[in-house]
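This briefing covers a metal site and a chain interface. Please consult the sequence and the structure shown below.

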Number of protein chains: 2
Amino acid sequence: MDKEQLKENFAKALKQEKLKRTPQRFAILEELVSSDEHRECTDIYFALRNQGISVSRATVYRTMDMLVKYDFARRLDIGDGIARYESKVGVSHHDHLICLECGKIIEFLNRDIEVLQQSICNDFDFDMTRHTHQIFGVCPDCKSK
Amino acid sequence: MDKEQLKENFAKALKQEKLKRTPQRFAILEELVSSDEHRECTDIYFALRNQGISVSRATVYRTMDMLVKYDFARRLDIGDGIARYESKVGVSHHDHLICLECGKIIEFLNRDIEVLQQSICNDFDFDMTRHTHQIFGVCPDCKSK
DNA sequence: TATATTTATGAGACTCAATCTCACAATAAA
DNA sequence: TTTATTGTGAGATTGAGTCTCATAAATATA
Ligand SMILES: [Mn+2]
Ligand SMILES: [Mn+2]
Ligand SMILES: [Zn+2]
Ligand SMILES: [Zn+2]
């Protein structure tokens, strides 16, 4: 999806939510989507500020919620009390290996696990809306140090 | 494991950490272990207070950390900013289905997933120390309402 | 385009789980 | 016991996230 198409899709979502098209909202979307990192709100906030874009923390937090609701972003909670967000634009589902030493986040996808997971839900008559599968440990780089 | 054996094991762990045997520490362990719920620190704190046991929030938080370190407890982060703890005493590993409507937590274990998970770690040369596999959705009770 | 109406923004106050402080209390070694 | 050491607890502090509300900006209307 190119940048213009993305903006249009975002504009549609804003319209659906009866939200106005503001430079801040577009800047936050673009900042998130143009990186493949797992970003904290404070990080997005400073990145935009450093680009000379006027934005507040409140606006970043409010916008991230909306981006998650409309599937432009995915929220990641790794248990340290800081929410991280990653772009879902052009990104397929995956789960995470998280290094306890350096904080690096490695992505993985295992289709067999995804299938087994769904069958568990069926067994329990449970309707899955989302899932997180996080493996914590020590990454290769940190092991060799 | 009977209660006396547990207390002895806990005493050993305290010794190993060069920590003293205090009534508060034993009370916190017993309160957690005698329930099969996923408990918040504040919940443990009030439960003990209501039993007339003198304890502070700080002591509960400090002791939970130690219980996790020595494998008497497991910490659960479901993304709402509140840490929950469950007993690991006589409890085998499992993961969780979490209802977004009522907050109910259902436990599951799938050995195939556990094996696949380990093979992913091998592929990435990643040393797993722990993992969390959480499935969020709507439980049968909430669906039928 | 000009004006009216509605909604968004942002600085800072506020919330709340968790952590820290430190005077005092309790424990365990000698 | 005595004494050194560690723990406890009330309240202060921290920090991510939320809320407030006066002002600014976006869109609807003329
Ligand atoms: Mn990712
Ligand atoms: Mn459990
Ligand atoms: Zn690492
Ligand atoms: Zn439910």
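The site of the zinc ion (ligand 4) is tetrahedral, with angles of 104 to 118 degrees among its four donor atoms (four donors count as tetrahedral if all angles lie between 85 and 135 degrees). The model is predicted: local features need pLDDT of at least 70, side-chain atom pairs count only at pLDDT 80 or more, and totals for chains, interfaces and linings use all residues. Residues are numbered from 1 along each chain as its sequence is written, chains are lettered from A and ligands numbered from 1 in the order in which they are written, and side-chain values use heavy atoms, without hydrogens and water.

**Zinc site**
- The SG atoms of Cys99(B), Cys102(B), Cys139(B) and Cys142(B) coordinate the zinc ion (ligand 4) at 2.2 to 2.4 Å; donors are N, O and S atoms within 2.8 Å of the metal (3.2 Å for Na, K and Ca), and water is not among the atoms, so sites may look incomplete.
- The donor residues follow the sequence spacing C-x2-C-x36-C-x2-C.
- Cys139(B) and Cys142(B) are buried (under 20% relative accessible area, 1.4 Å probe, protein chains only).

**Interface of chains A and B**
- In chain B, 35 residues are in contact with 35 residues of chain A (heavy atoms within 4.5 Å).
- Four salt bridges are counted between chain B and chain A (a side-chain nitrogen of Lys or Arg within 4 Å of a carboxyl oxygen of Asp or Glu).
- One salt bridge joins Lys143(A) and Asp127(B), with the closest N and O atoms 3.0 Å apart.

Notes
Four donors count as tetrahedral if all angles lie between 85 and 135 degrees; four count as square planar and six as octahedral if opposite donors are over 155 degrees apart and all others between 65 and 115; anything else is irregular. Buried means under 20% relative accessible area, exposed over 50%, partly exposed in between (1.4 Å probe, protein chains only).
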